Each structure stands twice: as C-alpha cells, then as structure tokens.
Amino acid sequence: MLQNILDFLMEYGYLGMFIHSFADAVIFPVPAFFLQVPLSLVDPSQALWIATVGYIACLIGTPVGYFIGKVLGKSVLYKILKKEWIDSATEMFQKKGEVAIFIGSFTPIPFKVFTIMSGCLKFPLWKLLGYAAIGRAVKFYAVGLLFYFYGKMAENMVHNVSLYIFLIMVPLILVGLWVKKIVTKRRQLKMENAGVSNGINEKVLNK
C-alpha cells in the first residue's frame with residue numbers, strides 16, 4: 001500500500017515531493033528521502049529544486065506535527081510508527097533535546113517522531129524550527145547536491161549519505177555544545193565574581 005502511495009506521488013513530481021515531505025513531518029511513516037531519490041534520478045539537473053521543495057514543505061509541516069503531539073500526546077506515535085523508533089527518539093530527547101532534533105533530522109527515523117515528540121514534551125517550538133531548519137537542510141541538500149554533480153551515478157552513493165552525514169555532523173554538534181557549555185560557565189562565573197565584587201564595594205562604602 002505504501003509503495004502504491006509513493007508511486008502515485010511520483011507521478012506528480014514537485015507537488016508529490018511537497019506533499020510527501022509535508023506528511024513526513026506530520027504523519028506519513030515513510031521518510032521523504034524515498035521519494036526525493038527517484039525524482040532526482042529522473043532528472044538530476046532538477047535535484048536542487050526537488051531538495052528545495054522538500055525542505056520548504058518539511059518546515060511548513062513541522063509545527064503541524066508539533067501541535068499534534070501537544071494536543072494528542074505520545075500515544076499517537078505508537079499508533080502510526082514502530083516502537084523502536086519512538087523508544088530511540090525518546091532516549092535521545094531525555095539526554096538532550098537539541099541533539100535529538102539535529103540527529104533526527106538526518107537519520108532514517110521518520111522526522112515526524114521528533115516533531116510530535118517535541119510537542120508531547122513541550123519543547124519550545126521556535127527551537128524545534130531552528131534546529132530542524134539546519135538539520136533538514138543538510139539532509140535534503142546533501143542528496144540534491146550529489147545528484148546535481150554526479151547525475152545518475154549518485155544512486156550508488158546516496159544510500160550511504162545518512163551515514164556520512166551522521167559521522168561528520170554528530171562530532172561537530174557535540175563540539176559545538178561543549179564550546180557552548182564552556183562559554184555559559186564562564187559567563188556565569190563572571191557574573192558571580194561581579195556580584196561578589198559589588199557586595200564588597202557596598203560593605204566598604206557602608207563603613
């Protein structure tokens with residue numbers, strides 16, 4: 001049945017890509033990657049436009065998935081998705097929500113898991129949109145660029161693109177979060193030192 005839906009969307013080109021990518025962020029259990037690739041194979045010169053349509057549709061669908069999770073709760077996920085996908089995403093969210101969204105943007109786990117779960121856990125919508133905008137851009141345009149530059153030969157390369165992105169992006173994300181943590185600690189330390197200094201000055205003036 002799902003293959004029939006994909007074949008149907010395939011016939012509508014850009015519109016089919018838009019619908020699939022939007023649904024990927026909301027309820028459809030098959031990632032948009034599985035339509036982006038065959039559409040890009042048909043005409044690799046249009047691969048970047050296909051990536052752009054999918055990217056925009058995903059960002060439009062993201063808040064829809066978010067509010068579904070916020071209103072209906074986590075139970076809706078178990079009705080439409082595999083339990084292992086949900087459990088994996090939940091574990092990532094519990095450790096670090098930001099990392100979960102970044103990583104979820106370019107893993108085989110359907111993106112709706114992360115949009116709906118963000119709503120369930122009341123993760124800030126503006127953060128979800130910001131992180132999704134970066135992560136999904138990497139995923140869509142990595143595939144689009146491969147087809148644009150390598151043409152139909154990219155078919156043999158593209159199926160490993162998620163692994164390559166994962167191996168490159170995850171360390172960069174972790175380093176970025178580590179730097180952010182250090183900067184935050186330094187700011188807090190400066191504020192605490194400034195507070196102690198002001199307290200000492202006040203005592204001196206009072207004397």
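**Exercise 1.** In which helix is Ile56 found?

Solution. First, some ground rules: this is a predicted model, where local features need pLDDT of at least 70, side-chain atom pairs count only at pLDDT 80 or more, and totals for chains, interfaces and linings use all residues. Residues are numbered from 1 along each chain as its sequence is written, and side-chain values use heavy atoms, leaving out hydrogens and water. Now look up Ile56: it sits in helix α4 (helices are DSSP runs of H or I, at least four residues, numbered from the N terminus).

**Exercise 2.** Work out why Ile56 counts as partly exposed.

Solution. Start with the cut-offs: buried means under 20% relative accessible area, exposed means over 50%, and partly exposed is in between, using a 1.4 Å probe and protein chains only. Ile56 has a relative accessible area of 42%, so it is partly exposed.

**Exercise 3.** Classify the ring pair of Phe8 and Tyr12.

Solution. Recall the rule: rings of Phe, Tyr and Trp (its six-membered ring) pair if their centres lie within 6.5 Å; planes under 30 degrees apart are stacked, over 60 edge-to-face, and the rest tilted. A search of the whole structure gives five aromatic pairs. In one of them, the centres of Phe8 and Tyr12 are 5.1 Å apart and the planes are at 55°, so this pair is tilted. For Tyr66 and Phe67, the centres are 5.4 Å apart and the planes at 90°, so that pair is edge-to-face. Finally, check the cover: Tyr66 is buried at 5% relative accessibility, whereas Phe67 is partly exposed at 42%.

Key: Helix = DSSP H or I, 4+ residues; strand = E, 2+ residues; numbered from the N terminus.
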